[in-house]
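Please look through the sequence and the model below.

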Amino acid sequence: MTGPASAVTADTTAAPDTTRVGGDRRIPLVTGDRVVVDAKGRMVGFESAAGRERIPVQVRRVDDHTLVIPGDAERLIAAGRLDQRLFDLTVLTDARLRQSHRDGLKLIVRYEDAAGTARAQVRAAGDTQLRRTLPGLDADAVRTPDDDVAKVWEALTDRRGGGARVAASGIASVWLDGVRTASLDRSVRQIGADKAWESGYDGKGVTIAVLDTGVDRTHADLATQVVAEKNFSASSDAVDRVGHGTHVASIAAGTGATSGGRFKGVAPGAKVISGKVLDDEGFGDDSAVIAGMEWAAAEGADVVNLSLGSADSPGVDPLEATVDRLSAEKGILFAIAAGNEGEGGASTVGSPGSADAALTVGAVDKDDVLAPFSSTGPRVQIDKALTQSVVADPVSLNFGTALWPHADDKPLTRKVAYRNLGTTDVTLDLSVATLDPAGRPAPAGFFTLGAPKLTVPAGGRAEVDLVADTQLGDADGAYSGYVTATAPGQSVRTAAVAVREAESYDLTLRTVDRDGTDAETFTSTLYGVGGGAVGFASRVSDEPGSHTIRVPKGSYTFNTAVYQDPSDYTKGTDWIAQPKLDVTRDMTLVADARTAKPVDLTVPGRDTADYAGTYYEVATESGRVGNGWVLRGFTGFRTAHLGPAVTDGTLLQTWDAHFLKDATSQYSVAFGGKTDRVTTGYTRHVKADELATVKVGLGASVPGRTAFASPFAHVPGAPEGNGFYAPQAAPGIRTFLVSTGDGVEWLTRYDQLGEPDQWGYPAFEGSWEMVRPKRYEAGRTYRETFHTGVVGPLLGEGMGVFRTAPDPGTGEQQLIGAVPLFSDGKGHAGQSPYTSATSTLYRDGVKVGEHDDPLSGTRPFTVDAADAEYRLVTSVERPAAAAAASTRIEAGFTFRSKQVTATTALPVSTVRFAPPVDLTSRAPHRAPVVVPVTVQGSAAGKNLKSLTVKVSYDDGATWQQVPVRNGAIAVRNPAKGGAISLSAVVTDKQGNVSTLTIHRAWLGK
């Protein structure tokens, strides 16, 4: 930690069907700050880098993405210098990216002009490693340990005269080195390749680069085809262990030897060079793919095939930039898979297929109809052009966008041109076919030709008008036309597109500072959330004056932040928010900082919060979207609502603040709920008689631990509020004085931390939290205790063993164990590090799967459809440095299962023990004690058939059975320094059996 405390912000993402069990993770931002996320990827904390504590941080949620953006990064993102993905938690918490970035943050840094100094400073930032150079892009791929990222930020950026962050001299762009995934689309005979072979055109003399998982050079269809290979992936060699790259190469240039020539590739006469850019699991870094593209260009590739990609993101990413550059400089044709997100609607082409110069290939079904999963983009047919002397020049025409309204649209004219490479004149018969944005025939006359015939002289060129009349039609969007020119032995197609703008308007934005002049340091964001605006996004940053942008009719959310002094953010930030903006005409929006009012939130004896936040959320067609702040107090922070009231009852806003009282106590207050306006200023002076006292026991069975504990506010209907962690010795007691107004409930979380590492960050040793928030009454005192024995499995909503229905695409069925094995004696769901874990699945007594995950919900087992008896067993051991009690946990679940139609909880049970122990999980030695016993899961309540409990005082060497009477067992505590172990077998009335063994459950003192 770099300061005395860390702020915590909440996430409103809905919980998945099953609980994912695992510890909090710290995700580095390129600024050096860290976002703390829980096991589900939700933001639960923010830790500022040293010296950055006073920089305000905006949290935006839209389109299922959570952006966490410090104020000094906004301008760089708006200018296109900084990749927005570097602040997108949805991207940064992706499991594959976390695996790729396990040793540090990976960046691609592009340079410009005389960049020698900048290049040297980036490479010298802390322990930054140069992974590879990308000379064609004038870029470095670097990796920086998480604890040195702040040093890279200083090397990448500089401060201008006014104090705002700008790109350092010589720095052109900074991108996330993201992860790409294999993606394969069809086909061979469907695109007319067989007709090309019949005509004698088989790709001879063409070099095709396949950048993929490698190519099997020993495959019979490719034995004579692969002439070069190189490995750029994280794998040890260029061998294809996935089969994906080999399949792609066979489609491109396979000889068909295996099938006796029946199944040849598109161009069996071509030669293949193989660049392995994806590893042995089918994933690869952006920088590896770029390096492969540059190698392919240097090797003289005519065509580069990329059957890989990822979701497109705002701006031009490094792969798109490389495709465009090499296409322009080398004349290379990039054939790139469109992706498989077509069911998400139009404009779903993934990156790098989204590059301007890419030939993006979609998937078709066996009837040559675009597959529903295929992303949408341009599409071509190849076989018709091989035997003819006439070619289109250009091959496509863009009529641009006709602005709405269309009643007065003037016809648009472009020239369709042909070149005749032959020695005799050719007269072409011309026709045009047109499709509207929905793929239906367009109105007659939308595209018309200037003549039905055209003669192209030998060795010459001829052209004819093509006219687009955008007054026609009642559908808005892209109209595509195909001009077909035919003659004996000739068939040429020219593509055309004209966009009929949907109802749209001019939106003029202006930002005014506190003194009435145009603001100079600000960021305004506009996100489309309803109607034709869905998916639209625009950002204006640090550009004084009025800005007019063309926007579709629809609903938006609009936010502006005006910073008084970017060199000292404590001098003031003004937040002007319009949660719902309906654009139905030309409009002007003025975000005027003079309308903002200050925030004054205090508690007894404290006027300045140590951490604070506010956040609003509103329902839209795109789901709930929101905007808010994480702040080191409200000093200088002012707010204002813009526009009319939100009257549909969906707007929510919360305020919360946390004030350190002393080393072991703090105030935590939260207010808000439904509202019709974002609050313009806020004043609340909390009195002592409005507070409840919550004394939280910080359990730790080993000495010298550090505890972080915080309550998180749940105002009815509103997003979870902020939290505040201040370090304290554990075991110990921390006192929270919490507010009770506005129906607030509080959910407390507790982290146990170990010794700090060399950079001062303490080791994570476990995390526990309430299963649900609690309501407290003013004037009363409550006690909550965390991480005391017995630690063991917990079952409940979203926790257990689950079976999934067959996957619609693959038919695969899975069995998932999502059991919090480390839940404490008070029933708080928990996570813990472990030194070893093994989970094994048996089907009818035969082992069918095993892995090293302690039923966290992330490692499913594949199962078949038939009815069978399954037994799932798991064993996990905790490190001695983190826990002296409940050191090893073993659980087993036996049940029958077969194919299901929806995700289904399976009949498993567990047993909970709650001995009266202290905060170190110890009890007076050899004293008699009654221990409550609770059965959870399928055997709970009246469905319990039998329950057997045994205890051991020699760590499991010998066991003795103890009776369960009236929901409890009577035992003696272990000897001083000794431990008691517990074992249970529980059976429900359907015959499903579950077992549990907890070693060293609690200790004697």
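D221 touches A253, G254, T255, G256, A257, T258 and F263, leaving aside residues up to four places away in sequence; a contact here means heavy atoms within 4.5 Å. D221 sits in the loop between β14 (207-212) and β15 (226-231). Helices (H or I, at least four residues) and strands (E, at least two) are DSSP runs, numbered from the N terminus. The relative accessibility of D221 is 8%, so D221 counts as buried. Buried means under 20% relative accessible area, exposed means over 50%, and partly exposed lies in between, with a 1.4 Å probe and protein chains only.

This is a predicted model, in which local features need pLDDT of at least 70 and side-chain atom pairs count only at pLDDT 80 or more, while totals for chains, interfaces and linings use all residues. Residues are numbered from 1 along each chain as its sequence is written, and side-chain values use heavy atoms, with hydrogens and water left out.

**The chain as a whole**

The protein chain has 9 helices and 69 strands. Of its 1005 residues, 54% count as buried. Among contacts between residues at least 6 apart in sequence, 72% join residues at least 24 apart. The accessible surface of the protein chain comes to about 39900 Å², and 49% of that belongs to carbon and sulfur atoms. These areas come from the Shrake-Rupley method with a 1.4 Å probe; for residues, only the protein chains shown count as cover.

**Aromatic pairs**

A pair of aromatic rings is described by the distance of the centres and the angle of the planes. Rings of Phe, Tyr and Trp (its six-membered ring) pair if their centres lie within 6.5 Å; planes under 30 degrees apart count as stacked, over 60 as edge-to-face and the rest as tilted. The structure holds 21 aromatic pairs, and two of them are set out here.

| Pair | Centre to centre | Angle between planes | Type |
|---|---|---|---|
| W404 and Y505 | 5.3 Å | 65 degrees | edge-to-face |
| W575 and W629 | 6.4 Å | 70 degrees | edge-to-face |

Where in the chain do W404 and Y505 lie? W404 is in the loop between β23 (396-402) and β24 (412-420), and Y505 is in strand β31 (residues 504-512), so the pair links distant parts of the chain, 101 residues apart. W404 has 26% relative accessibility and counts as partly exposed, whereas Y505 is buried, with a relative accessible area of 10%.

W575 belongs to strand β36 (residues 573-583) and W629 to strand β40 (residues 623-631), so this pair ties together parts that are 54 residues apart in sequence. Both W575 and W629 are buried. Ring pairs also link these two with Y616, F634, F637, W655 and Y682 into a cluster.

G721 lies in the loop between β46 (705-714) and β47 (723-725). At 2% relative accessibility, G721 counts as buried.

**Backbone details in loops**

A cis peptide bond joins A730 and P731, with omega about 5 degrees. P731 is in the loop between β48 (728-730) and β49 (732-739). Another cis peptide bond joins G789 and V790, with omega about 10 degrees. V790 is found in the loop between β52 (781-786) and β53 (800-803).

S886 is not a glycine, and its phi has a positive value, near 50 degrees. S886 is in the loop between β59 (868-877) and β60 (888-897). N966 also has a positive phi, of about 50 degrees, although it is not a glycine. The loop that holds N966 runs between β66 (960-962) and β67 (968-972). Are S886 and N966 buried or exposed? S886 counts as buried at 1% relative accessibility, and N966 is exposed, with a relative accessible area of 85%.
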